[in-house]
Each structure stands twice: as C-alpha cells, then as structure tokens.
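Biologist: Could we go through this model together? I would like to begin with the strands.

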Amino acid sequence: EHLIPPRGWRNFESFSPINFDIKNIIVKFWTGRISDADIELYLSRFCEILKPVIKPVDNLGFWYGIRKYQIKLKKDAQGRLLSIPNSVSLGPYNGQIIYQGQAPACFICQSHDHQAKECNTTKCWKCGALGHKSAVCQNTAMCSLCGTSGHSFFNCPHSYTNKVKQSQRKQQSTTVPRVLNMIKLCVSLDPNLQTSFGYLK
C-alpha cells in the first residue's frame, strides 16, 4: 500500500536526507496579527523559501496559527549552514519555529542547556543584548524583524504591517478633511443645519 502523507504536507516534495540544507519548518504564532509577509521577511535572514506557505485548518475549517514552509538554509561567510532560532519575538508577539535537526534552545538567551523557565538571564527587548532590561537600555535599537539597527519592529520600514498602517493613516488624513469640507458645504447651503453643525462654521 502507498503511504498517504499527513494533511498539510501533501503538496511538498520529498528530498534526499543528504540535502541537509533543505527543511520543512513549522512556524507557530498565537495571534493572527503577524502577516505572512513579515514572517517571510524574518525567515529570509536565514533561509530561502522554496514553496508558498501552507496554513492548515482544523476540522471546522478554522486556521489555528500554524504556517508550514519548505526552505533552504543559507550559509555564512565560512560556508556553514545558518540555524534558524527556535523562537522569535516580533513586537509584543512571540512565536516558535520548529524543524527536524533543530537543537532545543532557551527562548531568552538561546542557550542549549536549559529552557526559558529555568533561565536567570535578563534580556533587553530593545537592543537584544543580555544583562539589562529595555527600560534602562542606552544602546541603539535592534529590529527583531529585519535584523538591522536604528529602529525597532514597530518602526521597521520593511514591515508589511507597518506599510499597511502608514497607508491607512494617510488615507484617514485625507478622508477626514474631505468629509468635514462636505459637511461645511451642506451647512452653508442649508441654514437649518447650522444649529446642529454650528461648531463647523
């Protein structure tokens, strides 16, 4: 009999175990507020995405925060394969990345000899350094999304989410004055409206 692959992986091709750089990974975020584009931007720091994201749903048809990718790990300057961290923080949202061959690591300090609940290390979520908190940080901000310094995730110019927010703010900044001008015009044409909209004169 032919083995039927689990639902969610059926569109993926099998590959030789010799290709250690090709992985099937799972990305878990417990919120829908992080876009696919931002997650893929983060992953692009460590790997090349070979296939479009698969977002499996439960028996009722609801997506439950899991994304599946087939990726190819990038190499560093010495030709060694990069490792994708097993945890990621994008703004206030924490996620988990899982793939075969990944070494378990502490969410806070990335040490391999303990888990986050046993970690005594303080991490700054502004600059990413260990040993101090963001409230007293004097260092330059480090973006957890694109990996460059000088801004945080909330101000990242590469973030799809931020681009959408900026577009919405621009639209609102032009829409509100236009609506107010229309109301003022109506008030000027109909004196009966001036009692209700007198503050717009």
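Modeller: Strand 1 (residues 22-29) and strand 3 (residues 66-73) pair in the antiparallel sense over seven bridges. Strands are DSSP runs of E with at least two residues, helices are runs of H or I with at least four, and both are numbered from the N terminus. Two strands count as paired if DSSP finds at least two bridges between them.

Biologist: Which residue of strand 3 does lysine 28 stand opposite?

Modeller: Lysine 28 faces isoleucine 66 there. Please note that this is a predicted model, in which local features need pLDDT of at least 70 and side-chain atom pairs count only at pLDDT 80 or more, while totals for chains, interfaces and linings use all residues. Residues are numbered from 1 along each chain as its sequence is written, and side-chain values use heavy atoms, with hydrogens and water left out.

Biologist: In what order do the five strands of the open sheet come?

Modeller: The order is 2-3-1-5-4, with antiparallel pairing. Strand 2 (47-49) and strand 4 (87-90) each have a single partner strand, so one side of each lacks a neighbour in the sheet.

Biologist: What does helix 1 lie across?

Modeller: Helix 1 (residues 36-43) lies across strand 1, strand 2, strand 3, strand 4 and strand 5 (93-99), at about 30° to strand 3. Axes are lines fitted to C-alpha atoms, for helices over the stretch in contact (heavy atoms within 4.5 Å). Angles run from 0 to 180 degrees between N-to-C directions.

Biologist: Now the core. Which residues have the most contacts inside the largest nonpolar one?

Modeller: They are Ile25, Val27, Tyr42, Leu43, Ile84, Leu90 and Ile97, in a core of 22 residues. Such a core is a set of buried Ala, Val, Leu, Ile, Met, Phe, Trp, Tyr and Cys residues joined through side-chain atoms within 4.5 Å. Buried means under 20% relative accessible area, exposed over 50%, and partly exposed in between (1.4 Å probe, protein chains only).

Biologist: Next, the cysteines. How many disulfides are there?

Modeller: The count is zero, where a disulfide is a pair of cysteine sulfur atoms within 2.5 Å.
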